[in-house]
Amino acid sequence: MPQPNTHYTVCPHNCWPVNCGLKVEVEDGCLCGLEGNPHHDFSRGRLCVKGQASGEIQRSPHRLTKPMKRAGARGEGLWEPIGWDEALDTIAARMGANRAAGRPEANAVYHSHGNIVQRVNWKILTPRFANLVGATLWDGNFPCWYDVGLAQALTGYWGLHDPVETGAFAAALVNWAQDPAASQANLVPYLLQVRDRGGEVVTIDPRVTQTAALSTWHLRPRLGSDTWLANGVASVMLRQGLVDEAAMARMGDGFDAYRAHVLALEPRLAARECELELKDLERLAALYGQGRPLCTNLTRGALGKQWNGVQMVRAVLCLAALGGHIGVRGGGVVWGEAVDWNPGLAAQDRAVPAVHPNNFNAIDAALEAGAIDTLLVVGGNPLTQWPNLNRLRPQLARVPLVVVNDLFLNHTAREADLVLPATSWLEELGLRASNSRIYLMDQAMAPLGECREASWWMDALARRLGVPDYFPWPDKEACLDECLASEACAGASVAELRRRPEGMAAHVAEVPYADHRFQTATGRFGFFSEQARSLGLPPLPTPEEAPEGPRNSPGLLARFPLQLVSERRNTHFHSFHDSHRMVPTLRSLEPEPLLHVHPRDGAARGVADGDLAELFNDRGTARVRVEWTTEVAPGQVGLNDGWPELNLLTSSLCPVAPEVTAVTGLGGQPAYQNALVQLAKVAPKVAR
Amino acid sequence: MTRLGFSFDPGRCFGCLGCVAACANANGTPEGLFWRRVHKLPPEPGRSDTVYLSMSCNHCEAAPCVKACPAEALAKRADGVVLHDAEACLGCRYCQMACPYEAPQWDAARGVISKCDLCHDRLDRGREPACVETCFSGALRLLRLEDGASGGGLEAAGLIHLPEARPMLRIASGPPEAFPPALPMPEAKP
């Protein structure tokens with residue numbers, strides 16, 4: 001009897017900073033078993049609901065297996081299978097014409113989680129393609145964390161420390177606007193390790209989150225008041241003498257200016273702005289000032305989706321510094337990957353000038369002006385994940401050629417001109433890293449049908465555009481071996497990694513920033529940021545109310561009195577797999593968009609628990625199923641990210657100007673969390 | 001003899017549904033049919049946070065489903081596992097009416113009942129049930145009660161609807177031994 005072949009890889013969902021390990025069994029070319037890899041040093045054989053269901057992606061009868069072009073109007077759903085040659089010739093003709101006309105920036109590549117889950121695609125192979133053939137590159141991380149990144153860059157502190165160290169050494173953990181239990185369940189063991197050792201685990205979130213259920217203290221500030229909160233706590237710490245001021249002055253730039261800035265804020269006023277008690281701020285100050293390592297989990301995401309996000313993150317980074325939690329074991333602010341690949345291969349020196357920077361203001365303007373001619377969407381889905389979809393849809397319709405490369409049709413692919421069938425993660429050889437380790441994503445099966453991996457068709461397209469050396473390697477293994485030629489990956493190779501299902505240790509700093517050398521012009525921590533000032537941003541962390549919110553838009557508030565909050569739930573990885581509808585287990589656990597509504601707000605509108613309801617504002621109307629819950633505060637409603645219904649209602653406003661992104665490469669997150677909406681019962685159909 | 005069941009710590013569960021999908025993945029249940037489910041309970045007095053409860057068959061010591069089955073399709077193993085024989089099942093669904101925990105599930109396509117078997121084939125191979133093995137928080141654990149031990153604590157949690165069934169579900173609190181479990185790193189493969 002033939003024995004199944006065992007292969008080790010990682011989960012195909014793009015969790016940050018660690019993907020769980022997978023062990024798969026293949027027999028006669030079919031996936032016959034998938035479970036957690038017990039050797040994986042971080043996940044140790046466990047998988048979350050998405051990982052457990054990931055075999056269903058591979059086995060789905062709905063995979064795209066051939067390139068297709070539309071055979072009717074866009075969005076009509078009529079497709080004609082074509083060969084790769086015809087598909088690539090079509091794309092090459094337009095891209096080549098744009099280059100010949102001296103406007104390479106009209107060729108745009110947007111690559112997102114479906115592509116960047118393969119780390120060499122994210123860091124090397126896709127940027128290399130865009131840079132060598134001449135195309136604007138938009139990275140799907142911009143909706144996720146680019147404003148957080150801008151705050152980190154201005155402060156000179158990226159964190160990127162290890163959750164394992166937090167579990168082992170942190171005396172306290174503060175989940176600041178983060179819900180890892182709902183988005184990255186594999187972090188929970190390390191969170192609970194802090195709690196099991198008697199440490200305080202705090203969640204700061206207006207909502208009752210899944211992480212709050214595991215926390216020893218849940219603080220619920222007013223939505224959008226985080227800069228007030230962090231500055232207020234800093235003010236308490238300075239007033240109470242909990243800060244080693246001499247050490248701060250040695251470590252950072254402009255500490256005196258920052259000190260004066262936060263001391264000018266009366267803690268009582270800060271508490272009032274946050275709709276908290278003064279004693280809450282004092283308790284948080286005591287925690288930050290207790291002199292034992294405290295980890296702040298600000299790991300990507302949520303704060304950057306606020307209008308005031310850059311300032312919120314700056315304020316929290318400064319607060320963590322004030323408590324002495326930067327560069328100490330068990331401290332730190334942002335969990336992340338610290339492993340670098342071979343940096344020379346991305347051909348960054350040949351990048352197209354940033355005419356349309358990776359900033360949503362710029363993307364929106366370019367699409368609105370018809371400045372994009374050819375858009376290649378690689379493992380992304382703008383028509384669910386970008387904001388204000390009723391604005392975006394006609395903008396995309398004006399792009400003469402839209403190409404989507406994915407596993408399944410999705411909301412964007414259905415309105416594209418061409419679709420290119422992608423290989424699954426089990427059908428390609430790849431690499432992945434955690435904070436400090438490297439893992440092989442081994443190829444377990446042959447590609448389905450005519451599916452090809454991105455670097456294959458990028459090479460074929462590059463050759464048509466006169467670039468013969470995009471993929472100069474004899475095979476993918478040789479390519480990955482050269483990608484591993486970096487300081488961090490010294491000693492690693494595909495062959496060596498294949499022998500080690502537990503991964504290999506990378507050469508990274510044991511405790512990041514222990515030397516207090518920061519990535520600013522002066523090498524010092526940016527309490528006061530000269531760069532921010534030169535870019536027209538507040539140099540010190542400063543609160544600002546969102547233009548669309550309860551305080552700044554009384555006219556809108558009268559019509560749309562509810563604040564829409566986007567949530568994460570375990571059953572979704574953003575809009576992967578056509579908003580998870582291609583994965584039977586996930587779609588049966590969350591069959592439709594579920595809106596969390598406070599019973600008070602539901603009752604006031606005659607919308608009962610379980611009702612179908614309409615959620616709307618001037619940008620659109622979404623049909624949602626209502627769940628009454630006190631998990632959301634009165635006046636707020638929560639909808640899961642990943643369903644297009646959410647972004648029918650969000651605003652395309654984003655606080656950071658394209659000029660800032662053109663200089664820093666960061667910023668440009670839309671203010672997803674600042675949207676006002678109204679809720680109404682769906683009127684029953686009247687029988688004629 | 002050791003009797004088997006589950007123990008559960010509501011202070012560690014965070015409702016991720018990993019156990020639900022692990023069960024479906026390991027046991028190949030049809031789409032939408034789940035042997036294990038996670039319930040959301042309202043917050044405890046004085047708190048605002050949701051309480052999660054993961055539950056499947058509790059493999060009751062005096063299992064009402066076994067008593068209710070007219071076809072002897074349900075039986076209790078010596079180690080306490082309540083097993084269902086789909087070949088013998090009449091599809092009368094009496095067990096569903098008898099069970100206070102909604103453990104027996106109706107497989108409409110086959111016209112028979114389908115339920116948790118505590119992954120007895122995995123247990124026989126020295127592994128834990130799939131739901132237990134995947135639990136990130138250690139909330140869900142395999143219960144092994146020795147002769148005479150009653151465990152207890154379930155009544156206090158207000159989770160028993162039918163005490164005389166004597167469900168093999170115990171409420172645990174506090175971290176499991178060695179958490180997160182540290183597996184020895186394997187030697188590199190030659």
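In this predicted model, the largest nonpolar core holds 271 residues, of which V233(A), V316(A) and V637(A) touch the most other members. Helix α16 of chain A, residues 309-322, supplies the largest share of this core, with 11 residues. The complex as a whole carries an ipTM of 0.95 and a pTM of 0.96 from the predictor.

- When neighbours within four places in sequence are left aside, V233(A) is in contact with L281(A), L284(A), A285(A), Y288(A) and L319(A).
- In soluble globular proteins, nonpolar side chains tend to be buried together.

**The interface between chains A and B**

- The two chains meet through 39 residues of chain A, which are in contact with 30 residues of chain B.
- On the side of chain A that touches chain B, the elements giving two or more residues are β3 (30-36), α1 (49-52), α9 (188-196), α10 (210-214) and α26 (584-589) of chain A.
- Among these elements, α9(A) gives the most to that side, with five residues.
- Sorted by class, the side of chain A that touches chain B consists of 17 nonpolar, 14 polar and eight charged residues.

**Confidence in chain B**

- Chain B has an average pLDDT of 87, and 86% of the residues score at least 70.
- Over residues 184-190 of chain B, however, pLDDT stays under 50, and for this stretch the model has seven contacts beyond four places in sequence.

Conventions: Residues numbered from 1 in each chain as written. Chains lettered and ligands numbered in written order. Predicted model: local features only at pLDDT ≥ 70, side-chain atom pairs only at ≥ 80, totals over all residues. pLDDT = per-residue confidence, 0-100. Helix = DSSP H or I, 4+ residues; strand = E, 2+ residues; numbered from the N terminus. Nonpolar A, V, L, I, M, F, W, Y, C, P; charged D, E, K, R; others polar. Core = buried A, V, L, I, M, F, W, Y, C linked by C-beta atoms within 7 Å. Buried ≥ 20, exposed ≤ 12 C-beta atoms within 10 Å, placed from the backbone.
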